[in-house]
Amino acid sequence: MRSTIADRYESTIQKSDLVSRDLSWVKFNDRVLDQSKKTHRTIFEKLKFLAITASNLDEFFMIRVGSLYNYLDYDKQRVDYSGLREEPFKEKLMDACQNFHLDQHQHFTQVILPEMAKEGISLINVKKLSEENRDKVREYFMKAIYPMLTPMVYDGYRTFPILMNKLLVFGVVTTSPGERKDMRKMSFVQIPANIPRFFEIEQENNLLLIPIEEVIRENIISLFRNVDIESISLFRITRNGDFTLEESEDMDANFLEEVKRKLMERKTGRVVRIEIEEGYSKWMLNSLLERWSLGKNSVFLVKRESMIDFTGLWQIVGNKRFRDRLPQIPEPVNPISYPEEGRADIFDTLKEKDILLHHPYNNIEPILDLIETAAEDPDVMAIKMTIYRLAKESRITKALLKAAENGKHVSVLFEVKARFDEENNIREAKRLQKAGCFVIYGISNLKTHTKLLLIVKKDASEITRFVHLGSGNYNEDTARLYTDIGLLTTNEILANDVSEFFNVITGHSVPSNYRNLITAPRDMRNQLIEFIEQEAENARNGLPSGIFIKVNSLEDSEIIYALYRASQSGVTIKLIVRGICCLRPGRPGLSENIEVISLVGDFLEHSRIYHFHNNGQTRTYSGSADMMVRSFDKRLESLFKVESPLLEKQLMNILRYNLLDNSNAYVMQEDASYVAKAPQQGEEEFNIHKRFFEITAEEVMEVRLVEG
C-alpha cells in the first residue's frame, strides 16, 4: 500500500512542468556530497565537503522544513510546484532526506573512516584505549567537562526542560532503587557547544580522536548517583528557524529589539527533526515524538559506528597538524582590465577605465584599497554602501570608522535580517552608529541584498563619483572561496543610477527610470521577461537569438514560463544554475531548447550573469539577484549593465568557460535528476577553477556565444 501511494506521488511530481524547490535543493546537496566521493580528493577535502553537507542540511531543516511546518501547524494551504499538498509533500520530502541521510552515513563508515585510518587518524571508543590514555580521558572529563554538565530531570514536579537547537543531548531514563518500572524518569544532559567535538591524543604517527559523547557516556554515571540507569540515548534536535519580520512601513525604534526577540525564538522554535543513535529508549523517543508532534519519518537513525553531526569534522580539517595537507588556493592573478594592479593609484586608474573583478581569481584588494584610501583622502566627501555580510575582523568596518573619524559623511545600510548573520550585523552597525555614521537598519519589510558602494570625491573644481557594484558580499574572507563579479567604475550613467538608488534607500524618493540599472522589487522581473520575449520574437523572425544565464537559483514561475515560451519559439537557452532549479529542461513540446548545468567544486559559484544576444546588440548584466520570487518581490536587488567591450567579453567568456567545464559540471535531466559531466574519449579536462587563473585578454576578446 505504501509503495502504491509513493508511486502515485512520484507520478504527480513527474507530470508537473515545474520542479519542487525543496526536492531540487536535496539534489543540490547530493552534488555537494558527490564532491566528498571524488577519488582524486584528499581525505581532508572529503571531510570538508561532508561537513558542508551536514551544515547545509541543518539550515535546510531550520528554514525550509520549518517553513513547511508553519503551514502544517497553522492549517494553511500550500500546493508545491510538484503538485502535492502539504502533508503528501512532507512525506515525499522526508523520504528524500532519509535517503540522503543514509547516503551520508554509508559514505562516512565505508569510505571516510577507512581512509582516515590510513592517514593515522582514528575515531576511537574510550574502552579501546590503553590504561594510560583512559586516565587522560578521565582527567579531562573531571576537570573540563564535568563542571559544565547539568542533568535536567523531567517528572511530575518539574517542567520539561528547553533542549537547545543542534546540540548533542543524552536522554537518560532512570528509576530509584525499589521503585516500579512505571515510575521511571527522563533526564537530559546537553553537551555545551563550546566543548571541542573530539578529545585529541597525539601519538608519534597517529592522532586518536575520542568523540566527546563517548567521553561523557563513559563517565555519565557520575551524574546519576544512587539511581538505576535503564537506558542512555544520544540524540540531537533541529528546531524551526524560519521567521518573517513583519515591520510597519515606518520603521520604529523597537525594530532591533524585534530582531533580537526573533533570534531568541529560534532557540525555542518547534522541533522539526530528531537525529538519534541506535539502541535508543523507545519509551523516551515515543514521549518526545508525542510532545513535539512529530511522525516517525522525522526521526533519523544513526548507527553506533557512525556519528551524529558531521559538522564536528571541521575540527579535523582545521587541525594545525594537517594544515599542509589541504590543497592551497593559488594566489590571485591581476584582473585582465587592471594588469597594473598594485602599481597605480586606484582613483587615478578608475578615472581612465572601468575594472571588472572576478573573485577569487582576482583579489578583493582593489575594493578594500578603494575604501581604505577614501577613508584617509581629505578630498573624499562621502561614502555610501550597503552591507549584507561582513568578515569577522572586517577591514570594511575599520575603514568606515576611520572615515567617520575624519569627518566624512558615511551612510551605511546594514541588512540586519541577513540570515544567521543578524547578531554580527547588529553589533557592527551599532559600532558605526556610535562613531557618527548614518546607519539604516534595513528597509521596511524588504531585505536589502544589493551590493553597492558610492564614493564622492572632489578634485579641484570637479566632483567624481566612484562606484562599485557586485554580486558578492563585502567580505574579504569569503572572497577567497566564492566566485563573484565586481565592477569598479566612474561611469556617469551608472553613478547617477546608483546615487538615485541610494536616495531611495536612505530617504523618501520614488525614482523615474534607471538607465543601466535594473532594480527589484519594482522592475526586475518584468524587465527580464521583456528581454526573454524579445529573444523569442527575434527567433520567430529568423534572426539570431540566444539566452545565457548564470545564477545560484532559478525558482520564479513567471520567468520559467517565459523561458519555456522562448524555447518553443526556437531560442537557444543555456542556464548555469548552481543550486535550486525549478525549470524542467528538455521536455518535448515545452523546453527542448533549454539546457541546464550545475557547477559544484572547489569554489562556491556565487556570481550572477545575464546575457541576451538581442540580434547582435547584446545586453549583458551582472549583480546580486537570482531568479527567485524573494529576489523579485521581497528584496532590494540590482542588476547592472556592462557596456565596456572588454568587460562585456569577460562576462561572456565566464559563461563560455562554465559551459565548457567537464570537471565540476552536472547536467540536469528532464526528470530533475543530474548526471556528472566528464571528459569524453580524447577530450582534455576543462576545470574552470583552474583555467580562470590562466585566462588571457586575447582569449577573452575572441569569445562568441551565438553564431551570426
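User: Which residues form one aromatic cluster?

Analyst: In this predicted model, one aromatic cluster is formed by Tyr361, Phe603, Tyr657, Phe686, Phe692 and Phe693. The structure holds 23 aromatic pairs.

User: How is the geometry of the pair Phe108 and Phe310 read?

Analyst: Planes under 30 degrees apart count as stacked, over 60 as edge-to-face and the rest as tilted. The planes of Phe108 and Phe310 stand at 45 degrees, with ring centres 4.8 Å apart, so this pair is tilted. By contrast, Phe60 and Phe61 form an edge-to-face pair, with 90 degrees between the planes and 6.2 Å from centre to centre.

User: Which parts does the pair of Phe108 and Phe310 tie together?

Analyst: Phe108 belongs to helix 4 (residues 86–118), while Phe310 is in the loop between strand 9 (299–302) and helix 9 (314–317), so the pair links parts 202 residues apart in sequence.

User: Are Phe108 and Phe310 buried or exposed?

Analyst: Buried means under 20% relative accessible area. Phe108 has 0% and is buried; Phe310, at 2%, also counts as buried.

User: What is the order of the strands in the open sheet?

Analyst: The order of the three strands is 1-6-5, with mixed pairing. Strand 1 (121–123) and strand 5 (198–202) each have a single partner strand, so one side of each lacks a neighbour in the sheet. Strand 1 pairs with strand 6 (residues 207–211) in the parallel sense over three bridges; Ser122 has Leu208 as its bridge partner in strand 6.

Definitions and conventions: Residues are numbered from 1 along each chain as its sequence is written. This is a predicted model: local features need pLDDT of at least 70, side-chain atom pairs count only at pLDDT 80 or more; totals for chains, interfaces and linings use all residues. Side-chain values use heavy atoms; hydrogens and water are left out. Two strands pair if DSSP finds at least two bridges between them. Helices (H or I, at least four residues) and strands (E, at least two) are DSSP runs, numbered from the N terminus. Rings of Phe, Tyr and Trp (its six-membered ring) pair if their centres lie within 6.5 Å; planes under 30 degrees apart count as stacked, over 60 as edge-to-face and the rest as tilted. Buried means under 20% relative accessible area, exposed over 50%, partly exposed in between (1.4 Å probe, protein chains only).
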